[in-house]
Amino acid sequence: MTSVDDALRLVWPAELRTDRLHLRPVTTDDSPLVRQLLTDATVRAHLGGPASEERVAARQTTYPTTAGAWTVVRAADDQPVGLVTIGPDHRCEGAAEISYQLLPSAWGKGLGREAVAAAVSWWTEAAPKGGPMVAVTQAANAGSRRLLESIGMTLVDEFEEYGQPQCLYTPAGDQEDTDLRWARLIAERVDTAERRRGAQARATAMGQELPDNLTALSDGDLAQLCPDRHGAYGRICARTAGHLPDLHLGRAPDGAWIAWLTSDGLEDT
Ligand SMILES: CC(C)(COP(=O)(O)OP(=O)(O)OC[C@H]1O[C@@H](n2cnc3c(N)ncnc32)[C@H](O)[C@@H]1OP(=O)(O)O)[C@@H](O)C(=O)NCCC(=O)NCCS
C-alpha cells in the first residue's frame with residue numbers, strides 16, 4: 001500500500017463540485033480564512049481552543065502546499081467558508097484522516113455534510129490504493145458526529161486523546177472497499193519489527209517467549225498472545241477464535257491500535 005501522502009500526491013491537485021460547493025486546493029489568498037477558522041472560539045470549541053499565532057502562521061504557510069487540503073467555497077457567492085483536509089492519521093500509520101471546519105455563519109445548512117461526503121467519496125474513487133479513511137471527533141461534538149453518521153460513517157472506536165473522549169468513525173458505505181484497505185494496511189504496515197516492539201512492551205510473560213513468526217505458532221501458542229480480551233501481543237492479536245468479524249481494528253486500553261486476525265488472515269500475514 002502506498003503511503004497516504006504518496007497516494008495524495010498522485011491525484012493532487014483535485015477540485016470537487018457539489019450542488020452548493022466548490023472544493024479547491026487552499027491558496028495563499030485563503031490566509032484570512034485560515035486565521036478566522038483557527039482563532040474562532042466557537043469553531044475551536046472541540047478542537048482544543050483557539051490556535052496560537054505561531055500555529056496560525058504555520059498553517060497559512062503549509063496548507064497551500066499540502067496535498068489534500070481544500071478550501072470549501074460556497075458556489076452561490078464564491079465565498080470561502082471552510083476547510084476540509086485529508087492527510088495521514090497520526091494514530092495509525094497508513095490510515096487517512098479527514099478533518100473539516102466551517103465558519104459558524106455557514107453552519108446549520110447541511111454544507112458540512114455536503115463537503116465531507118464529497119471528499120470521502122473522492123478518496124474512495126480517486127485513491128483506491130490509499131489507506132483506510134477515519135474521522136476522529138470529540139464525543140461531545142454532537143454536530144460533527146451527526147454529520148459523520150448522516151453520510152454513512154460508522155462509529156468503530158472510542159478512546160481518550162488530549163484529555164477528551166474521542167469517537168473514531170470509518171466509512172461504511174462501501175464496506176468491501178473499507179475492509180480491503182484495512183486488510184492491506186495490516187498486511188503491509190504491521191511488520192515484524194512492530195510486532196517485536198509490541199511484544200516486548202506488552203506481551204505476557206508466556207507470550208514473550210514466543211517467536212515473532214506468527215505463522216509458525218500453534219493455536220495454543222496464539223492463545224497465549226491474547227490471554228484476556230485482546231492485545232497482549234501489542235498491536236497484533238493473532239488469536240484464532242472468538243473475534244468477529246474476521247478482520248477488524250480496534251484500540252487496546254492503552255490506546256495502541258490492534259488488529260484481530262483469524263486463521264485465514266494469519267496465512268496472508
Ligand atoms: C462540524 C461542522 C463542520 C458541521 O457543519 P454543518 O454544515 O453545520 O453540518 P451539517 O452539514 O451536518 O448540517 C447541520 C444541520 O443542518 C441541517 N440542514 C439544513 N439544511 C440542510 C440541507 N439543505 N441539507 C442537509 N442538511 C441541512 C442538517 O439537518 C443538520 O442538522 P442536524 O445537525 O440537526 O442534523 C461545523 O459545526 C464546524 O465547523 N464545527 C467546528 C469544527 C469541528 O468541530 N470540526 C469537526 C472535527 S474535525
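A polar contact is a pair of N or O atoms within 3.5 Å; within protein, one must be able to donate a hydrogen and the other to accept it, and residues adjacent in sequence count only if both atoms are side-chain atoms. The model is predicted, so that local features need pLDDT of at least 70 and side-chain atom pairs count only at pLDDT 80 or more, while totals for chains, interfaces and linings use all residues. Residues are numbered from 1 along each chain as its sequence is written, and side-chain values use heavy atoms, with hydrogens and water left out.

**Ligand site**

| Residue (backbone N or O atom) | Distance to an oxygen atom of the ligand |
|---|---|
| Leu102 | 2.7 Å |
| Gly108 | 2.8 Å |
| Arg113 | 2.8 Å |

Taken alone, the ligand exposes 950 Å², of which the protein buries 72% (accessible areas by the Shrake-Rupley method with a 1.4 Å probe). Around the ligand stand 18 residues, of which Leu102, Gly108, Gly112, Arg113 and Asn141 come nearest (a residue is near if one of its heavy atoms lies within 4 Å). The shell comprises seven nonpolar, seven polar and four charged residues, and strand E5 (96-102), helix H4 (111-126) and helix H5 (142-150) each supply at least two of its members.

**Helix pair**

The axes of helix H2 (residues 31-39) and helix H3 (residues 53-62) come within 9 Å and cross at roughly 145°, on a scale from 0 to 180 degrees between N-to-C directions. In this contact (heavy atoms within 4.5 Å), Ser31, Val34, Arg35, Leu38 and Thr39 of H2 meet Glu53, Arg55, Val56, Arg59 and Gln60 of H3.

Note on methods
Helices (H or I, at least four residues) and strands (E, at least two) are DSSP runs, numbered from the N terminus. Ala, Val, Leu, Ile, Met, Phe, Trp, Tyr, Cys and Pro count as nonpolar, Asp, Glu, Lys and Arg as charged, and the others, Gly among them, as polar.
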